[in-house]
Amino acid sequence: MSRWLVAPILIPMLTGVLCLLAVRRPRLNRWISVTGAALELAAAVALLAAVRSQGTLVLQVGGWPAPFGITLVADLLSAFLLAAACLLAFTLSIYSLASIGAQLESFAYHTLYHFLIMGVSGAFLTGDLFNLYVWFEVMLMASFVLMALGGERGQMEGAIKYVTLNLLASAFFLAALGILYGLVGTLNLADLAVKIGGVTERQPQGMLMAVALLLLVAFGIKSAVFPLFFWLPASYHTPPAAVSALFSGLLTKVGVYSLIRVFTILFVQNPDLTHNLILWISIPTMVTGVLGAVAQNQFRRVLSFHIISQIGYMILGLGLFTPLGLAGAIYFTAHNMIAKTNLFLVSGVVERLQGSQWLSRLGGLYVTQPLLAGLFLVPALSLAGLPPLSGFFAKLSLIQASFDARQYLAGGVAVAVSLFTLLSMMKLWNEAFWKPRAEDAPADAELPDRARWLVPIALLSLVTLAMGLGANWFYSLALDAGHQLMNPNNYILAVMGGQP
Amino acid sequence: MRSFFLRTAVRVLLPMLLLFSIYLFLRGHNEPGGGFVAGLTAAAAWSLYAIAFDSRHARAAFRVEPRRLIATGLLVILASGLISTFSGRSYLSGIWFSLPVPGLGDIDLGTPVLFDLGVFMTVIGVTLGIVFSLEEVEE
Amino acid sequence: MSITVLSGLAGSLLAAPLQRTAPRRAGWLLALLPLGLFIYFLTLLGPVSAGRTLVETLPWAPGLGVEFSFYLDGLGLLMALLVSGIGALVLVYAGGYLEGHPQLGRMYAFLLVFMSAMLGVVLSGHLLTTFLFWELTSISSFLLIGFDHKDETSRKSALQALLVTGGGGLAMLAGLVLLNQAAGTLSIPALLASSPDLLKHPLAGPAAALILLGAFTKSAQFPFHFWLPNAMAAPTPVSAYLHSATMVKAGVFLILRLGPVLGDHPLWTPLVSLTGAVTLLLGAWMALSQTDLKRLLAYSTVSMLGLLTLLGGLRTPLALEAAVVFLFAHALYKGALFMVAGAVDHETGTRDVTRLGGLARRMPQTAAAALPAGLSMAALPPLFGFIAKEVVYEAALESGLFAFAAVFAASAVTVFAAAVIAVEVFWARPAGSPPREPHEAPLALRLGPLVLAGLGLLAGLLPGPLDRALLSPAAAGLVGHPLQPGLALWHGLTPLLAYSALTFAAGALLYLARRPLRRLAAALTAGFGPDRLYDLAYAGVFRLAAWQTGLLQHGTLRYYLNLTVLAATGLVGTVLLLYGGLNMPAAFPGATFYEVLIAALILLAAGFAITTRSRLGAVAALGVVGYGVAAIFLLFGAPDLAMTQFLIESLTVILFVLAFYHLPDFERFSSRRTRLRDMLVAMLAGVLMTVLTLSAVGIQIFPTISSYYAQAALPEAHGRNITNVILVDFRGFDTLGENVVLALAAIGVFALLKFPKRRQP
Amino acid sequence: MEILLAIVIGALYAAAVYMLLRRGIVKLLIGLSLLSHAANLLIFTAAGLTRGGPPLVALEGQASTLPQADPLPQALILTAIVISFAVTAFALALAYRVYYTTGSGDMDDLQQSDIS
């Protein structure tokens with residue numbers, strides 16, 4: 001199996017390239033895209049199954065021994081998040097068929113799409129810090145183009161901010177990398193962990209902490225934590241719904257993943273500083289994000305601000321730095337990827353039907369689209385943390401972990417913020433679904449290819465439900481992943497081939 | 001108004017630069033050079049051409065659509081690594097064999113050379129794609 | 001048991017199709033489900049009254065301490081019978097009440113979901129299972145209150161109820177997690193068997209307080225009571241079911257349920273009984289001024305929920321028994337009266353008592369149902385309400401004068417309220433006229449009140465068997481030992497009887513003085529109360545949110561950049577200082593002339609690039625910087641880099657120049673002050689990076705791994721140019737990704753430049 | 001030289017940040033370019049400067065006496081240079097499109113979509 005660890009990276013690459021070649025043949029292009037996404041999902045699920053049964057898998061790309069070449073590593077964290085990401089990729093590839101339109105497709109939409117997935121997969125799987133940078137750039141570049149594709153004014157305004165702030169983050173990342181390499185002379189995460197672990201008592205502790213914080217800032221920008229999140233609400237609502245959905249499900253989560261990775265394997269010597277800082281950042285992140293959502297009057301902007309709030313939950317688990325906390329963070333991340341993306345998909349349907357994102361111009365969908373209304377409630381209530389949906393268990397595990405770690409303030413904020421989440425979700429419900437539509441508004445548009453719009457939404461809603469009803473399976477997976485992360489020795493041994 | 005001299009100079013320069021780029025590519029594994037630099041050189045040559053004439057002429061003279069070149073380059077990169085995967089080793093593992101060339105001795109050929117070739121193609125395709133489209137912007 | 005609970009969910013799926021196929025009969029047919037459940041629960045009366053409890057556990061998420069489990073004892077059975085029995089009547093009633101409504105199918109579905117949820121709450125054997133169903137009741141209640149969703153008041157009330165009870169639910173969740181940490185379990189049987197040491201745990205108090213908070217919001221206790229009267233925006237079947245007979249009892253139920261576990265905590269009795277007493281009086285007071293029948297009944301319900309809470313706080317055996325008995329009595333008569341109010345509304349088009357009167361002639365059967373229910377509410381013999389009130393008085397007397405006084409006052413108002421609905425509406429001379437000419441309500445609307453009122457009468461006449469089979473076993477579980485069933489209609493001439501008579505007299509006086517009383521009470525309460533507080537808080541949240549968002553997300557990129565750079569610089573700089581990261585290297589080899597020259601050139605070019613007013617100049621300067629960097633690469637043994645940098649820089653300049661044709665010229669937008677400020681920020685960042693670089697070059701903790709490449713490059717990778725070998729072999733995977741980035745950029749440039757344009761107006 | 005280069009790096013970062021903070025869109029582009037120069041130079045310097053030969057494996061019998069520069073950071077920087085070239089090209093196109101669509105080169109005019 002190890003040999004095929006590269007498959008989740010290569011499949012989207014191949015798909016993207018083939019789509020590029022077939023860009024003038026729309027039907028073939030679409031067919032390649034969906035098939036590729038399906039294969040990708042199959043590869044990711046197979047990988048998760050393999051990691052679950054065989055433990056951490058490692059591939060030394062190029063056959064060079066670690067730390068000299070680039071190592072791909074799939075532990076539970078990577079494999080779990082990768083599977084979730086690929087599930088999204090697959091559903092969104094179907095949704096895209098309905099929502100993107102021939103014009104964007106003729107500008108290589110599908111290629112961009114799959115290259116983005118490639119970057120995400122690479123970031124999840126790589127065990128090398130510089131390689132992570134490269135995947136970040138692949139992902140970013142693809143997202144830049146997707147963000148701007150279409151060239152509407154709003155998109156342009158969003159894209160320029162998005163691009164600039166993310167490039168700034170990349171510059172921080174690169175600087176941290178360079179300094180770290182100068183200090184310890186290696187880039188492989190496992191090797192870095194061993195070497196950084198070896199400097200505990202020596203003098204340049206402060207430099208290492210500075211590097212840790214540079215990375216915290218770089219990944220903090222990418223994962224949109226307080227006070228580095230501005231690019232997200234400035235831009236996420238501007239591209240087409242399928243693109244927003246893709247971004248919301250994947251991009252910031254890769255930032256969170258990187259934070260988790262780096263702060264469970266590299267910088268664990270001084271949790272009083274690093275992890276406490278993360279914990280303290282998580283609190284305003286949860287609060288400002290949800291307040292931002294409450295203040296918004298556009299469907300997707302509400303959702304965008306929400307992402308920030310929920311990133312707060314994820315890094316709360318990391319800040320706790322206990323197996324339970326990490327398990328909560330991982331479970332929450334997977335739950336959120338699916339539920340949040342789904343809401344973006346709903347927003348796309350709503351926009352298609354009523355031609356607007358503005359809540360004041362929406363309404364009446366409860367009567368005209370009862371199925372959509374029902375499908376909206378699943379992810380919406382899940383995000384608000386209502387049982388038996390996935391969000392309930394995600395929040396429960398984080399609250400338990402907070403209280404276990406005696407972080408009553410953070411846990412309490414996590415509880416309280418849920419109420420505001422509920423408020424903002426029900427605001428959407430009231431405005432778009434219950435409220436009668438303004439009398440001068442035009443009739444709802446038709447929804448051609450109804451299945452392509454709604455099946456992805458239904459599928460993700462089902463997953464949300466399944467993650468709640470089958471919470472044990474998912475939670476024990478997350479918990480095992482949490483334990484794995486708290487004992488990085490396994491990771492190191494697996495990568496370095498038994499010679500740490 | 002594009003100057004006649006520039007055009008003439010570019011006509012002369014282009015083949016020389018392209019040859020130079022191939023030279024850079026070939027020696028890259030052993031001396032400074034390689035697919036990147038070679039690709040950039042070739043692309044720079046064609047960019048000059050595109051500036052001296054215009055992008056329509058340049059596209060015609062270049063013949064290959066940059067998009068196809070990019071895709072092919074990426075495919076070459078991808079495939080060069082897969083050879084080893086299918087022969088039971090890690091992805092991107094180098095597979096080498098010696099090719100005796102009369103007069104030059106043995107030449108080492110291997111999948112990394114193929115990989116570098118893919119880089120070469122991609123870089124040319126990308127740079128030209130960018131230059132051409134930038135030139136074709138209409139007000 | 002799980003099947004009985006979940007059957008409602010399954011039934012809800014059938015509701016809409018059934019409604020479409022059999023619009024007139026759907027309600028009756030669907031009512032068969034709760035009826036069946038009711039009968040099933042009746043069959044359990046025997047074993048449960050014999051003291052047995054039924055437990056059923058399905059593992060769910062053991063890793064999280066979550067179980068899906070059920071526990072049925074006397075209390076649970078009592079509640080389950082009420083929920084299923086009244087549920088059946090309400091379904092029938094809803095069919096009549098909303099006949100022809102396009103969304104009647106959804107109403108049935110939500111009612112069934114709610115019934116399931118409520119059964120889940122009362123039968124759950126694990127507090128997280130309770131929580132699951134608890135929240136489900138909140139959601140289904142939200143959907144039901146907002147049933148008339150085109151009406152803004154409905155939407156607002158629904159949201160209010162959801163936020164208040166949902167907020168309480170979250171507090172409760174936090175409390176449950178704390179309780180889990182204190183007790184190690186949330187399984188109800190295990191908790192009931194837990195040792196008293198639990199109460200000494202430091203988390204027991206906070207846990208109890210938070211759980212109670214949840215219970216209080218759900219049972220509309222002060223200061224959270226306001227959502228309940230507002231929830232009367234819901235169609236009457238909903239009010240009758242959720243907001244009088246069942247859901248609002250969930251809080252009380254939980255208080256009773258957890259009494260044996262946490263009730264001995266010093267916090268419990270003061271907190272619970274005081275809240276209950278305040279709510280009891282407040283609800284009574286607010287009821288005085290109401291002229292809307294449903295709001296009147298709602299406040300009366302608030303008051304009676306306060307009574308139940310008070311009894312749950314007192315926790316004497318008598319109080320607990322009284323709570324159980326009264327809960328039952330209240331469910332019967334209040335459910336009936338709500339349905340009566342609905343029937344009146346349905347037939348006359350108004351619920352305003354000042355416009356109603358003398359309906360007994362037009363609606364005799366409805367009046368026939370209202371009368372016994374009203375008498376039961378007024379606690380007159382031989383109705384069951386009388387028996388219940390006697391027990392309550394006994395318990396209150398036992399607990400002291402204050403409790404008794406409160407109960408007495410509220411009971412007098414209850415008599416008043418009963419008189420309003422049962423007497424004023426049906427028998428008094430009408431003060432105004434209703435919008436519609438009243439007719440007798442259809443059977444579906446009469447059935448519920450008649451059955452419930454009849455049951456109240458029956459129970460009053462035959463309290464013994466009821467007590468033995470249902471009420472005593474229910475109370476026994478709370479008290480902790482079996483009780484001697486002792487309910488009887490006639491206790492002889494006791495002081496209690498005198499108090500009852502006195503209560504009735506006081507209530508009657510209130511009724512006679514109702515018109516001035518209403519005006520007085522309305523004048524005294526206008527504009528106050530937690531309802532206003534909620535509105536203020538609600539608006540405040542939105543204002544705060546808008547203010548905060550305006551502050552943070554105010555739209556200009558440079559503001560975002562400034563903050564981001566400052567945050568980064570601040571964080572990294574602080575840590576560098578605090579953790580002794582600064583270490584100036586002692587000595588470096590000096591610089592040669594050429595090196596200094598190149599460095600100076602770069603500095604000058606950079607300086608020129610940022611100060612020049614010509615964009616062409618800036619780009620040329622940028623190119624010089626790039627060439628300078630390339631020269632540095634060349635000087636320090638990196639010819640590959642130098643070549644690449646040189647070529648790329650040239651290409652970049654070409655690109656810039658090509659693009660400039662389509663881009664704006666430099667302009668000076670910022671004021672001098674802004675420029676200075678930005679310069680300061682930039683300097684901070686620059687200084688930080690200088691310091692970081694210096695500190696980094698001074699130390700090398702471990703040697704680099706590069707020596708390996710020098711050894712392996714030729715023999716294993718067949719190349720002498722190590723940099724190139726790293727690029728295409730050792731780290732070829734980086735290069736692969738990088739080429740994808742390049743391809744993406746080309747696609748992006750193409751798309752941005754060639755995508756069809758629409759000029760903005 | 002290290003001290004000098006550290007100052008150059010700091011100055012480049014400062015210049016880059018300053019240009020990013022300007023309102024003109026072309027200045028933003030120049031800021032982005034400066035930023036990547038600064039980062040590349042930082043990696044190069046932080047990894048340790050070696051005055052000497054390029055990292056080539058000597059042919060037999062021609063063992064070099066010069067110390068060799070560390071090849072790994074060179075490879076990293078090369079990758080970073082190429083990526084930043086890609087980014088710059090994209091940013092140029094984006095700037096063009098922004099200018100075209102909004103009709104303004106002033107970044108402060110780009111708030112329409114960003115305030116609720």
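Mentor: Let's start with V451(C), which sits in helix α19 (residues 443-461) of chain C. Bear in mind that this is a predicted model.

Trainee: Why is V451(C) called partly exposed?

Mentor: Its relative accessibility is 33%. Buried needs a value under 20% and exposed one over 50%, so 33% falls in between and V451(C) counts as partly exposed.

Trainee: And what makes the nonpolar surface patch there?

Mentor: V451(C), L455(C), L457(C), L458(C), L461(C) and L462(C) make it, and the patch covers about 490 Å². A patch residue needs over 30% relative accessible area, and V451(C) with its 33% passes that cut-off.

Trainee: On to charges. How do you know that E431(A) and K435(A) form a salt bridge?

Mentor: The N to O distance is 3.0 Å, and the cut-off is within 4 Å, so the pair qualifies.

Trainee: Are those two residues buried or exposed?

Mentor: K435(A) is buried, at 12%, which is under 20%. E431(A) has 26% and is partly exposed.

Trainee: What makes R315(C) and D264(C) a salt bridge?

Mentor: Their closest N and O atoms are 3.2 Å apart, again within 4 Å. R315(C) lies in the loop between α14 and α15 of chain C and D264(C) in the loop between α12 and α13, so the pair ties together parts 51 residues apart in sequence. As for cover, R315(C) is buried at 18%, while D264(C) is exposed, its 59% being over 50%.

Trainee: Why is R731(C) with D128(A) said to join two chains?

Mentor: The closest N and O atoms of this salt bridge are 2.6 Å apart. R731(C) is in the loop between α30 and α31 of chain C, and D128(A) in the loop between α5 and α6 of chain A, so the bridge joins two chains. Both residues are buried.

Trainee: How many salt bridges are there over all chains?

Mentor: A search of the whole structure finds 34. Some link up: R24(A), E65(B), R67(B) and R68(B) are in a network.

Trainee: Last one: what is the span of α11 in chain A set against?

Mentor: Against the expected 38 Å for its 26 residues; the helix reaches 37 Å, close to that. There is also a kink of about 35° centred on F247(A).

Trainee: And how do you know that α11(A) is mostly covered?

Mentor: By the count: 26 of its 26 residues are buried.

Technical notes:
Residues numbered from 1 in each chain as written. Chains lettered and ligands numbered in written order. Predicted model: local features only at pLDDT ≥ 70, side-chain atom pairs only at ≥ 80, totals over all residues. Heavy atoms only, no water. Salt bridge = Lys/Arg side-chain N within 4 Å of Asp/Glu carboxyl O. Helix = DSSP H or I, 4+ residues; strand = E, 2+ residues; numbered from the N terminus. Buried < 20%, exposed > 50% of the residue type's maximum accessible area, 1.4 Å probe, protein only. Patch = residues over 30% accessible without salt bridge, like charges linked within 9 Å, V, L, I, M, F, W, Y side chains within 5 Å. Areas by Shrake-Rupley, 256 points an atom, 1.4 Å probe, with all protein chains shown as cover. Expected span 1.5 Å × (residues − 1). Bend = angle between axes of the 7 residues up to and from the residue.
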